[in-house]
Amino acid sequence: MEAAARVSAAPRVVLGLPAFARPDSLPRALESLLSQTYQDFALIVADDAPHAGVASIVNSYARDYTQVSYVANPKRLGMVGNWRRVFEEARARYPQSEYFAWVSDHDVWHARWLETLVSVLDHEPEVVIAYSASLRTTADDAWLEKKRFDTTGIDRASTRIALAAQNMLSGDMIYGLMRAPALEAAGIFHHVVTPDRQVLLALSLFGEVRHVPEVLWYREMVRDFDLQRQRKVFFPDGTPLYAYLPSHVQHCASLLWDFGVRGKGRPRFGRVAGASYAAVQLWFSIARQLPRLRRGTARA
Amino acid sequence: MPASRRFGTDCLNVKAEQVRAASAAYECYQRARAEILPMTAEGRSREPELTAAERALLADVEDLWRADADSLADLRRYGKTISGVRRSNYKGERADQVRLRLDRDRLKLLEHGDPALWLDEPAVLGGFGLQSGTGLFNEDTLRFFRIVTLLNDAALLREFRSSAKRPVVWEIGGGWGGFAHYLKTLFPDLTYLITAPPTLLLLSATYLMTLFPEASVRFFHPSDAAAFCCDLNEVDFAFAPDSAVHDIDPRDVALTIDVGMLQRMNAARISAHVQRAFELGCRYMLSVCFDEGSDAESTVRPAIERCYWLHPMASRAYLDRHLLVRNGAFLFGWKRLRA
């Protein structure tokens, strides 16, 4: 209860946990978050498959830790919808909060994870996302993820989005700590496939990405990436036709709409720059895909 | 100087160093003995129920109470009863077989781990092993390197490097003092607390006080239990009998470690130790069982899992790949909020 006593009414950080039927791993995930050495945070759990087990677990912690709250979606929103929901709740409840991170209902975090990432964002104003190295885990194995992506020191937004389109590790970075206003400006999870990539591409226009080499996050890997499955869980009411287009085309369209047409990048950058960034993203994403396509053709 | 004469001089220097160490050890031994003896008198009234394995271990070390300076020169021999690592395996024909295996393991471990965390076995007080190029090493040395590498992989060692808040490391049992020496040499700015039956404390205290002659040391006094933990993090080493585990209340215990002692205890004593670490707010616990899959490990594991979540780095495949753990279990956990 010592931890609960230190929580402020206006936390600097909000952690959004989109829950989906994992009562088996949820207590461990919640405890590793509540054990953080940095305690000025609120934790919102949005349950997309309202489940008595999940509700009772979260509520039992909420009784002892006032920073925890539970919301159940009245109707299934799907993965994209639930990730959006938890961010919107965070902004509505804590509009003054500075940083936001999505957290899962099955991973584990080192006790210094949040302290370390907050320190990065506090000391490096150009950084919009800080994320740590991770250990990938399964039920009986664990291995270090050696790849890293970092754009610190790169001033030009066009260079950052080009690098992001080619090399970013979206599955890791999307669980990083982000500047909430920048994330809001970037646009939260469009209804496209690989929406995490789309958010991160947009966010790269607003600042740098910083990788922390220390392993502070233990990421459960259940299955390999599967586009078919993603379409199914992202669009619970049926997959729209555009979702069958290549993902980089979908991302380009959403970047073009947000920044080239609606001008959401202002005052940081104007519509023309926004449209050019969408084109840069498309060009470098295609360049990234080409070797894979060639390999696929050769194999065929 | 001709090589043969230089070799002779080196041998003389080593001998002289060993004699000096034995003499220093005897002084440390006398002080430790005087401090620990009252614990035995107190302990008799609250004697914990020891298992046959614990009684056998203590019987092997019992003659330490009657040691003289000459026998202390070979203090390290007591290590074999604790970890099973014996000097005779590092001599003669056996040494070649051991060398083949340990050399390969050492190189692989250094490849995966941070060489800066490697520490040779001290040659004094009967230290033994194979030549590593910089000094001696044996199976205990490799085990200690594995433990420290695991702590490093789990991003714990940073807490021992920062001097803002001096952490306390609690070792259950303390063995012959080898791991305490290893960790304290790498991270001088921490307080190392050892709880064990008094006979075993005499062994580790003598070893550590000899190897760290400048260290500040505190012993538990049954008549004034409260004083033991007062400003505990200002001392380098603290020794208390395991019968007093529930009477001591150290602050800032960052890590509780057990190298093969819990596996010798009965279920009630294992639970009592783990529960105490939990009550003290100790965030991490690491227990090394020498025999994986044995009855002992199957008793230690559930006791730890009641109070600690098993750390993802403690997965079998990870340990096998990074630490080359072919037998034995490394049970590494982080504290639950609710036990």
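A residue is termed buried if 20 or more other C-beta atoms, placed from the backbone, lie within 10 Å of its own, exposed if 12 or fewer do, and partly exposed in between. The model shown is predicted: local features need pLDDT of at least 70, side-chain atom pairs count only at pLDDT 80 or more, and totals for chains, interfaces and linings use all residues. Residues are numbered from 1 along each chain as its sequence is written, and chains are lettered from A and ligands numbered from 1 in the order in which they are written.

**Figure 1. Asp231(B) and Asp252(B), two non-glycine residues with positive phi.**
Asp231(B) has a phi of about 50° and is exposed, with 10 other C-beta atoms within 10 Å. Its loop runs between helix H10 (225-228) and strand S6 (237-241) of chain B; helices (H or I, at least four residues) and strands (E, at least two) are DSSP runs, numbered from the N terminus. Asp252(B) has a phi of about 60° and lies in the loop between S6 and strand S7 (253-259) of chain B. Asp252(B) is partly exposed, with 16 other C-beta atoms within 10 Å. As background, most residues other than glycine have a negative phi, and most peptide bonds are trans.

**Figure 2. The open sheet of chain B.**
Eight strands are arranged in the order S5-S6-S4-S3-S7-S8-S10-S9, with mixed pairing; two strands pair if DSSP finds at least two bridges between them. Strand S5 (217-219) and strand S9 (308-310) of chain B stand at the edges with a single partner strand each, so one side of each has no neighbour in the sheet. On average, neighbouring strands of this sheet are turned by 20° against each other, direction ignored. For these angles, axes are lines fitted to C-alpha atoms, for helices over the stretch in contact, and the angles run from 0 to 180 degrees between N-to-C directions.

**Figure 3. Strand S3 of chain B beside strand S4.**
S3 (residues 168-172) and S4 (residues 191-196) of chain B run parallel and are joined by five bridges. Trp170(B) stands opposite Leu193(B) in S4(B), and Ile172(B) stands opposite Thr195(B) in S4(B). In a regular strand the side chains alternate between the two faces of the sheet. Both faces of S3(B) are covered: Val168(B), Trp170(B) and Ile172(B) are buried on one side, as are Val169(B) and Glu171(B) on the other. Five of the five residues of S3(B) are thus buried.

**Figure 4. Helix H6 of chain B.**
H6 (residues 139-153) has 15 residues and reaches 21 Å from its first C-alpha to its last. This span is close to the 21 Å expected at 1.5 Å a residue, the expected value being 1.5 Å times one less than the number of residues. The helix is mostly covered, with 13 of its 15 residues buried. Ala155(B), which follows H6(B), has a positive phi, near 60°.

**Figure 5. The surroundings of His190(A).**
His190(A) is found in the loop between helix H8 (180-186) and helix H9 (195-204) of chain A. With 18 C-beta neighbours inside 10 Å, His190(A) counts as partly exposed. Not counting residues up to four places away in sequence, His190(A) touches Pro195(A), Gln198(A) and Ser254(A); two residues are in contact if their C-beta atoms, placed from the backbone, lie within 7 Å. Although 65 residues apart along the chain, His190(A) and Leu255(A) have C-alpha atoms separated by 10.0 Å.

**Figure 6. The cis peptide bond between Arg266(A) and Pro267(A).**
Omega of this bond is about 5°. Pro267(A) is found in the loop between helix H11 (247-261) and helix H12 (271-299) of chain A.

**Figure 7. The contact between chain A and chain B.**
Chain A contributes 17 residues to the contact and chain B contributes 13 residues. On the side of chain A that touches chain B, helix H2 (26-34), strand S6 (127-137) and strand S9 (208-220) of chain A each supply at least two residues. The largest share, four residues, comes from S9(A). By class, this side of chain A has eight nonpolar, three polar and six charged residues. Here Ala, Val, Leu, Ile, Met, Phe, Trp, Tyr, Cys and Pro count as nonpolar, Asp, Glu, Lys and Arg as charged, and the others, Gly among them, as polar.
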